[in-house]
Amino acid sequence: MGSVLLADASVRSLGPADLSACLDLGTDRGWPREDRKWAMLLEVGRGFGIDAPDGGLAAAAVLTRTGPTASVSMVVVAERFARQGLGRRVMAEALGEAGDAVVSLHTTENARPLYESMGFEFDGGCNDHRGRFTDDGGPASRPIGPADVARVYELDSASQGFARRELLNRMLFEAEHVHVTDDGYALGTAQAGVLVIGPVVAADEDQARALIRGIARTTSGDLRLAVDHRFPELSAWCEARGLAVHGPAPRLVLGGKALPGPAEVRFSPYNTALG
């Protein structure tokens, strides 16, 4: 019955009012109920969904456009409606909304063939680190002060290749911790009982480690951090500090276009949904 009805089901816009349905859809696939993450994405981005005939959502995706770039995230299809092309349909709607933006996403190896069939090309990725941090006693960053605020905006704009002030304001508002070094900054944001570190923007790997230490020292609980594949030594250091690798997250870019900004200072994204 579901497949018959969904063959002609329309894709509709999703917004903040659909938060509960999105969380339920993710739960159907074993995702953690990251309500703050979904809420932020549905407010700053544009969601696309297909309603399930038996209630709730059958599929969803979110596109977040920021300046010349856009990210696609939260692409999920309910298990009972899998293999009906619903993921491709919500993706197509999201890409239509992206216009001429450089579109990127992080995915799993299982989902990668779908995106590559839609024109995405491999562009590196991240290792997802999780666990309790074992401190090595090295130098650490400091909490942000009033004199540091302008520098954080400057560092973020330089790292992205454009100013994303509105999105950065939201990221700063959501964060429990904002830390800085002379030439770097990082955020710590609580999601589903875990403190997620990111972005980590730094002039070099020593400052990136200092930023991670600084935020890690604010909690005795679990941490999560996505380290870009460009920095294998930092990833190995995180693993040695108790943050085990829970799987790679390949990054794909539509049409193989180049993302703006200097990649060598972007050690970790805000999260794999927003980049």
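Five residue pairs are in polar contact between domain 1 and domain 2, both residues at pLDDT 80 or more; a polar contact is a pair of N or O atoms within 3.5 Å, where within protein one must be able to donate a hydrogen and the other to accept it, and residues adjacent in sequence count only if both atoms are side-chain atoms. The model is predicted: local features need pLDDT of at least 70, side-chain atom pairs count only at pLDDT 80 or more, and totals for chains, interfaces and linings use all residues. Residues are numbered from 1 along each chain as its sequence is written, and side-chain values use heavy atoms, with hydrogens and water left out.

**Side of domain 1**
- Helix α3 (residues 35-44) gives the most to the side of domain 1 that touches domain 2, with five residues; helices are DSSP runs (H or I, at least four residues), numbered from the N terminus.
- That side of domain 1 holds four nonpolar, three polar and six charged residues, with Asp, Glu, Lys and Arg counted as charged.

**Salt bridges**
- Three salt bridges are counted between domain 1 and domain 2 (a side-chain nitrogen of Lys or Arg within 4 Å of a carboxyl oxygen of Asp or Glu).
- Arginine 36 and glutamate 176 form a salt bridge, with 2.9 Å between the closest N and O atoms.

**Domains and buried area**
- Domain 1 covers 11-100 and domain 2 covers 127-248 + 257-268, by an automatic or database domain assignment.
- The contact (heavy atoms within 4.5 Å) takes 13 residues from domain 1 and 14 residues from domain 2.
- About 1,100 Å² is buried between the two domains, 59% of it from carbon and sulfur atoms; buried area is the accessible area (1.4 Å probe) that two parts lose on being put together, summed over both.
- Arg36, Met40 and Thr66 supply 50% of the area that domain 1 buries against domain 2, more than any other three residues.

Technical notes:
Helix = DSSP H or I, 4+ residues; strand = E, 2+ residues; numbered from the N terminus.
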